[in-house]
Amino acid sequence: MNERQTDILIIGAGFAGIAAAKKLHGLNRDFLVVEARERIGGRTLTETFEGDITLDLGAKWLGPTQQLVWEWVYETNAATYETYNTGRNILSYKGKTSHYTGTIPKIGILSLLDLGNAIKQLEKLAATIDTQQPWQHPQAERYDEMTLRTWIRQHTHTEAARHVMEIGIQTVFAAESSEISLLFALFYLRSGDNLETLISITNGAQQTILKEGTQGLLKKVAACFADRIVLQSPVEKIVQDTIGVKAHTAQSIIRAQKCILTVPPALLERIRFEPPLPQQKAQLCQRMPMGAAMKCFAVYNTPFWRKHGLSGQVVSDEFPVKVTFDVGHGDKDYGKMLVFVEGNDARNFIGLPPDMRKQMVLEKLVHFFGKEAAFPIFYTDKCWTEEEWTRGCYVGLMSPNTLTHFGPHLRTPFGNIHFAGTETADRWNGYLDGAIQSGYRAAEEVV
Ligand SMILES: Cc1cc2nc3c(=O)[nH]c(=O)nc-3n(C[C@H](O)[C@H](O)[C@H](O)COP(=O)(O)OP(=O)(O)OC[C@H]3O[C@@H](n4cnc5c(N)ncnc54)[C@H](O)[C@@H]3O)c2cc1C
């Protein structure tokens, strides 16, 4: 068994782990990053297919207020472009197709008023949340004992408004509204500014795309300390005493004074801790399941829908294609149609044979965009529930009774072990920006 020694051990080479490493590197501190996968990036994965079709199979977008990611973009001179957001969007509801512009689909005047009112009320509640301590809210217990779905049912009066709201929520959380507590939803919306920001392209979380992908950005940031990253080394056990920690992988034991653990809470229990994790922390991890999302890409020679005045965006109630985006760069780039399949749809869809999935997606795209959609030059899909070292996405969610009772244990260190990862962020929780914030915070804690 190979033995290594370092001052600070970082477990996980996603955005949180690399942010912690970057901070420690800047401070000239001794550290080592240990990563389970054969690559860095975690929930980011940028792949190039057929020679020059670059796709983000994991995280893709940056929003204008995600300052920490933008700092990395400027530092590395990473090229960006804006998500295509011109032309008419498509709404497909109850078998009828219509067109609209803006963020909110046109669903009939009564339903539209109903939807607008529900969104306004949700935004108002979210604005009252202190994201550092959501459990301190005077109504925390009340909001945390109900699911977001219960709240939506109570505050919408038309089926169409409820339906569109559910699709929006699925897109934001990659989960059903019945899976998450209202308090957690309010915290999450507030941590990313507000619901409108989270669902929007212009001035929203889907505004900007990195030409070389989000994993490409991370690789650039990590390049100057690449020799301190050990890949293909899942940490199986962490033993700690008063002087430090010993992390065991299949090949080695790494001794360190401090450890920054960036593994998502749902996967933490796969590591054996000696002594065991405090019971509150362990119970918290048991209550933070990952959402589920699939990204499907149909790539065409040109973004042909643009010449028909269409934005490439769809909101629909038809399985499996409920939300789409045009993620290509300029009219001369390939036409890159991104389809999201989320929540229970993703869990069901991934079980189908790959050819059937492709056929089902293309059939719907033909229905929305015409016959040209039947002939992509490339198709792929990716389901994150299948990834051994992630097991879902975008983020660990909280069911009722979790944030109020276990929330304070999210960031509390356990001896020499400090916790990071986007799930621990109070700003842009669930996003790349939140992951960076958490990595910086944990690095500051250990030094
Ligand atoms: C499909 C998809 C779309 C998304 N879209 C966006 C988006 O557009 N914009 C945005 O900002 N965010 C988006 N996100 C969310 C974003 O990817 C995450 O918030 C962020 O990547 C989390 O980073 P992290 O470092 O906290 O966690 P992770 O990226 O999960 O990193 C944790 C690391 O720990 C490693 N690990 C796990 N267990 C062990 C172990 N036992 N030993 C050693 N290593 C271990 C993992 O392999 C992983 O590399 C998306 C995510 C997905 C999957």
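Predicted model: local features only at pLDDT ≥ 70, side-chain atom pairs only at ≥ 80, totals over all residues.
Student: OK. Is Asp52 buried or exposed, then?

Tutor: Asp52 is exposed, because it has 8 other C-beta atoms within 10 Å, and the cut-off for exposed is 12 or fewer.

Student: Where in the fold is Asp52 found?

Tutor: Asp52 is in a loop, the one between strand S3 (46–49) and strand S4 (53–56).

Student: And how many residues along the chain are there between Asp52 and Tyr334?

Tutor: They are 282 residues apart along the chain, while their C-alpha atoms are separated by 9.6 Å.

Student: Switching to the ligand. Which residues are the closest?

Tutor: Gly12, Gly14, Gly42, Ala59 and Cys393 are the closest, out of 39 residues that surround the ligand.

Student: What's the make-up of that shell by class?

Tutor: The shell has 23 nonpolar residues, 11 polar and five charged.

Student: Which helices and strands each supply at least two residues?

Tutor: Helix H1 (15–26), strand S15 (293–300) and helix H16 (432–446) do. The largest share comes from H1, with three residues.

Student: Why does the ligand lie between domain 1 and domain 2?

Tutor: Because both domains give residues to the shell around the ligand. Domain 1 is 2–41 + 215–289 + 398–446, and domain 2 is 80–85 + 204–210 + 291–386.

Student: Now the strands. How many residues of S16 are buried?

Tutor: Seven of the seven residues in S16 (residues 310–316) are buried, so by the cut-off of 20 or more other C-beta atoms within 10 Å, the strand is mostly covered.

Student: Which sense does S16 pair in with S7, parallel or antiparallel?

Tutor: Strand S7 (residues 88–93) pairs with S16 in the parallel sense, over four bridges.

Student: What about S5, S9 and S6, what order are they in?

Tutor: The order is S5-S9-S6, an open sheet of three strands with antiparallel pairing. Strand S5 (61–62) and strand S6 (80–82) are the edge strands, each pairing on one side only.

Student: Which residue in S9 stands opposite Tyr81?

Tutor: Ile209 does. S6 and strand S9 (residues 208–210) pair over three bridges.

Methods. Residues numbered from 1 in each chain as written. Near = placed C-beta within 6 Å. Nonpolar A, V, L, I, M, F, W, Y, C, P; charged D, E, K, R; others polar. Domains from an automatic or database assignment. Pairing = 2+ DSSP bridges.
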